[in-house]
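Reader: I'd like to learn how to read the pockets in a model like this one. Can we walk through it together?

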Amino acid sequence: SLRRGRRNRKTRYRQPRFLNRTRKTGWLPPSLESRIANIETWVRRIKKLCPISAISQELVRFDLQQMQNPEISGVEYQRGELFGFEVKEYLLAKWNRKCAYCEVENVPFEIEHILAKSKGGSNRVSNLCLSCHSCNQAKGNRPVEEFLKKKPGVLKRVLAQAKAPLKDAAAVNATRWELYRRLQSTGLPVEVGSGGRTKFNRKTRGIEKAHAFDAACVGASTPERLLIRGIKPLKIAAKGRGTRQRCRPDKYGFPKAHAPKAKYFQGFQTGDIVKADVQKGKFAGQYIGRIAIRFRPSFVLQLPTQKFDVHPKYLRTIHKADGYEYQS
Ligand SMILES: [Zn+2]
């Protein structure tokens, strides 16, 4: 007992170091957190510029999940691309209600295993596709590469489409309630509408399909007449603010290069939007674009169609890097 007692006499309290790795409730993976943070940023910025009095949020883009399971959020998202909603409905959406092999529409579809179950194929959604009865029979349990030997284009498309999950669907479902809460915390009244409502609003007002117009049609508060003529949306893409990682590893994790500590060179920073007036050389001319700096007077100017090296003496900053790229 002397020995045991010594183990906790005159020792400070130590927090348990075992089973202490819990996540806060409402935790989201960084990729999703970033999506929400971007929206928050732009709500804040637009509020500064315009007299915003209310927010309309499209709470569900993909109604099929709302029908199946109204409470898809964080946990389900983490358990895989599909947890909680019906496979067939999901496949219909993923394969656009067409046979994956012959693209026939409006026929009864069967769920088809791309790598047959008898050959060890799994029931994972990435191994499933939609096919008509005759294609399914014709393929049998043969490998898809053999079945589509004479149609390499179709093969490539099927394999690519099988791998790509409805990623945005999952992201929207995992973040929507958290986004709703955060929008409410701005103090403005927040109205929610479904994707179906958006479509209805857009169709009844005779507006063509575009992301920007969809955004204008969200929710029941959409006015009868929307003045959208001649309005060009400003496209904003989140580009990050650089990384703190100084050691750049190769794909095996071995150090490959070292990035300098500084972020600025000659007053420029990666991500600045500049006006370039190149006086001579192959790329002489005037441009507006985003730069990536190097620590020598040769920066990379990125334009929508090309990128090339420029000397900073030709550059004038028109917008300081703020983590976003803009295109009109
Ligand atoms: Zn078919």
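**Reading the pockets**

Author: The largest pocket has 44 lining residues, and I39, W42, I46, H211 and A215 lie nearest its centre. (A pocket is an open set of points on a 1 Å grid over the protein atoms alone, where a 1.4 Å probe fits, with protein on both sides within 12 Å along at least five of seven lines; lining residues have an atom within 4 Å of a point.) This is a predicted model, where local features need pLDDT of at least 70 and side-chain atom pairs 80 or more, while totals for chains, interfaces and linings use all residues. Residues are numbered from 1 along each chain as its sequence is written, and side-chain values use heavy atoms, without hydrogens or water.

Reader: How much space lies in the largest pocket?

Author: Rolling a probe the size of a water molecule over the atoms shows where empty space is left. Here that comes to about 2,200 Å³, whereas the second largest pocket holds about 610 Å³.

Reader: Which element gives the largest share of the lining of the largest pocket?

Author: That's α2, with nine residues. Elements giving two or more residues include α2 (30–49), α9 (167–184) and β5 (235–238). (Helices are DSSP runs of H or I, at least four residues, and strands are E runs of at least two.)

Reader: And what about the second largest pocket?

Author: Its lining has 26 residues, with G242, T243, R246, K263 and T270 nearest the centre.

Definitions and conventions
Grid points are joined across faces, edges and corners, and a volume is the space filled by probe spheres set on the points.
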